Amino acid sequence: MNYLKYLVEEIHTTVMATVDNNGLPVTCAIDIMDYDESGLYFLTAKGKNLYERLKQKGYVALTGMKGSDTLSCASVSVSGKVKEVGSEPLNMLFEKNSYMKEIYPTKESRKALTVFRIYEGTGEWFDLSKKPIERASFTFGNGQEINEGYEISDNCVGCKACETVCPQGCIDFGAVPAKIIQNNCLHCGNCMTVCPHNAIIKRG
């Protein structure tokens, strides 16, 4: 699945987080307007505080969701490095996102705008509409994947204590040591808490 394409075409509006000069998180709603094989594109006005945070910190995190309620939602989260690419892509972004012409109707009004590209990062797909849930991680640009969640070590004896507390039933006991099916795991940590043999370890 092309997660960047899904984020742009199916979700589009995201909540983006940056960090201010005091090291505090700040969020805002940002439309992700285009993508390519190695990044995501959005725009903002140079007079906004967001512009200053983007230029100073060079890093963003964002999440977008699609669905009518929690149990029908799919989400894409991305974090990565960001850089300004300037006004050159503006015409293309306005053509692909024609509603922007209502917000900035003239060429003169668009002079305040500039385009940013998230060019290197990691992301996660999370789908609560599936039974069991479905998750996947991905990278783009030169982003380095970070394996999160839990895994079962060779200390496992197959006692199945973890099976009783796994909300998604995503532990495979077809062999010993047992195996966590990572694409269905909630990362809740219940399994590690109850394991009597300390066989479950946290990744990442």
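Two residues are said to be in contact when heavy atoms of theirs lie within 4.5 Å of each other. Keep that in mind as you move through this structure, which is a predicted model.

Begin by selecting threonine 18, which you will find in strand β1, the run of residues 13–19. Threonine 18 counts as buried, because its relative accessible area is 2% and buried means under 20%. Now display what surrounds threonine 18: leaving aside neighbours within four places in sequence, its contacts are Leu24, Pro25, Val26, Leu50, Arg53, Leu54, Tyr59 and Val60. Which side chain makes a polar contact with the side chain of threonine 18? Select arginine 53, whose side chain makes that polar contact at 2.6 Å.

Next, turn to valine 78, which touches Leu7, Leu40, Val60, Ala61, Leu62, Ile118, Thr122, Gly123, Phe138 and Phe140, when residues up to four places away in sequence are not counted.

Valine 78 also leads you to the largest nonpolar core, a group of 26 residues in which Leu7, Ile32, Leu40, Phe42, Val76, Val78 and Ile118 touch the most other members. To see where this core comes from, colour the elements that each give two or more residues to it, namely α1 (3–11), β4 (39–45), α2 (49–57), β5 (59–66), β6 (74–86), β7 (113–127) and β8 (134–140). The largest share, six residues, comes from α1.

Finally, select Cys162, Cys166, Cys170 and Cys195, which are included in a second, separate core of 15 residues.

Methods. Residues numbered from 1 in each chain as written. Predicted model: local features only at pLDDT ≥ 70, side-chain atom pairs only at ≥ 80, totals over all residues. Heavy atoms only, no water. Helix = DSSP H or I, 4+ residues; strand = E, 2+ residues; numbered from the N terminus. Buried < 20%, exposed > 50% of the residue type's maximum accessible area, 1.4 Å probe, protein only. Polar contact = N/O pair within 3.5 Å; in protein donor to acceptor, adjacent residues only side chain to side chain. Core = buried A, V, L, I, M, F, W, Y, C linked by side-chain atoms within 4.5 Å.
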